[in-house]
Amino acid sequence: MKNKLYLIGALLTSVCFGVAGCNQSSSVTIVNGYTLPEIHNLTTSEAKLLLGANIYIDPIEVQTSELIEGRILGYRNNNVGDVVEKGSRIAVNVAARLDKSIALSDSNIVNYITELDRITGRDSTNEELCTNAGQGGTDLGIPFELPDGRTMLLYGDTFSSAPMSGFWNSNFMAITSDEDLTDGLQFDELVTNDANGMILPFAQGAHQGGNETDKSVEVTKIPTGGISIGNDVYIFYMSIRYWGVGGDWRVTYNQCLKADDSTYKSWSNVESLRWNEDELYYAGQIYPFNDPKDNEHIYFTSIPGGRNNGAVMFRVDKDKFENRDEYEYLTSKNTWTKGDDGMKKLNDNPYFIMSPGVSEPSIVYSEYLDKYVFATLKGSNIVFGVADNVCGPYNETYPVVSSSDFPGLYGGFVHSKFMDSDGQRMYIQLSRWTPIYNTYLVEVVLK
């Protein structure tokens, strides 16, 4: 149909250019004219198919993150709607990866990655907003969608001065409506204290000295995920009592909070949704996921404290979200066991949807792959595990970001709001201990 419309337009334009009285001031007459169609974001192959024999294109590479490599940015010296002679050669700008992009020849699904910009702290996209609110150094940035369609990002231990000095907040929240991440991730606002404009944690940790076995002490409260159900907004956090060596910490419990209103300045415990370590060891870091292929359930993947164990899964009906007795635990392939019995079975004989070791987890569905993607740190690399089913198992894993290119990396969160091109391109928020304790936006383009 499109080709027919373009042909009709070309014929009408040709007649107009060849007949006096068409209000054309130019003396140039195009006898065999062709109207240039829109080709933005097409591949060169798709553009050639659309143009047929009417136009020959000369692709000229332009380094950019605006589009995926190989996609057409537009005509170089012409505009959509221009009339040109059929058979003309027309130059088009074609997106090429940036010089700083890193090709992943050892990955079967990732083509290349590019560090785009810092998200938090000094010299970042959000430097002024963060600095004014007392954010100098931070990590994580776990995204989830709010009821109004914007995205909330949950950050962990935050310090007023970089890298880890000054006033210590256990966490903070940022909100963004930015869905074009090609030039970075821009915050709309941070959740702040009305009295002084400083960061307002959803719950402040006790900041006590840690103890490996004493569960009455608490060092900090770190977010592990968030989700919206209707107009209700929930956050999960882990209460950490002890920091061990790198990648090792102890979680006393994981607690769910519920926003008291849409300002997100006040949160209340959902008393029924607390998992103590001695109840379910594997419920230290709980990440909720809204599966686009299942409208009935909310799914959760979870790991204990640290980064050395495997990931388990549980789920609940959306309309029973606040009733922990209704939660079902995946105790073997295709087997869900409800309530305390399910937790006991997982404790006694854990069924892992991803084998050890698993770090801060996140899950997304990619239409491009037609698979679920589980992002995590394994060893010293961020990897994608892929599976046909949300329950995994995510046995196929592929390297995405290497510590040799990004020293001190961890995190690497994915979300449906952080994708474009039907999921061929994802953006992950990467945390780094060095060279500065802050977060970065990394473009990931799949093959």
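1. Basis. The model is predicted; local features need pLDDT of at least 70 and side-chain atom pairs pLDDT 80 or more, while totals for chains, interfaces and linings use all residues. Residues are numbered from 1 along each chain as its sequence is written, and side-chain values use heavy atoms, with hydrogens and water left out.

2. Largest pocket. Its volume is about 560 Å³. A pocket here is an open set of points on a 1 Å grid over the protein atoms alone, where a 1.4 Å probe fits, with protein on both sides within 12 Å along at least five of seven lines; lining residues have an atom within 4 Å of a point. The volume is the space filled by probe spheres set on the points, which are joined across faces, edges and corners. There are 28 lining residues, with E145, N290, P292, H415 and S416 nearest the centre of the pocket.

3. Second largest pocket. This pocket holds about 330 Å³ of space. It is lined by 20 residues, and D139, D157, W243, W249 and W433 are the closest to its centre.

4. Salt bridges. The whole structure has 27 of them, each defined as a side-chain nitrogen of Lys or Arg within 4 Å of a carboxyl oxygen of Asp or Glu. In the pair E115 and R432, the closest N and O atoms are 3.9 Å apart. E115 is in strand 7 and R432 in strand 30 (residues 425-432), so this pair ties together parts 317 residues apart in sequence. Strands are DSSP runs of E of at least two residues, and helices are runs of H or I of at least four, numbered from the N terminus.

5. R432 is buried at 7% relative accessibility, whereas E115 is partly exposed at 26%. Buried means under 20% relative accessible area, exposed over 50%, and partly exposed in between (1.4 Å probe, protein chains only).

6. Other bridges. R425 and D420 meet at 3.0 Å, N to O; R425 is buried at 2% and D420 partly exposed at 23%. R150 and D188 pair at 3.7 Å, N to O, and D148, R150, D188 and E189 are linked in a network of salt bridges.

7. S124. This residue lies in the loop between strand 7 (110-118) and helix 3 (127-132) and is buried, at 10% relative accessible area. Its side chain reaches the backbone oxygen of G121 at 2.6 Å and the backbone nitrogen of E127 at 3.1 Å.

How values were computed:
Polar contact = N/O pair within 3.5 Å; in protein donor to acceptor, adjacent residues only side chain to side chain.
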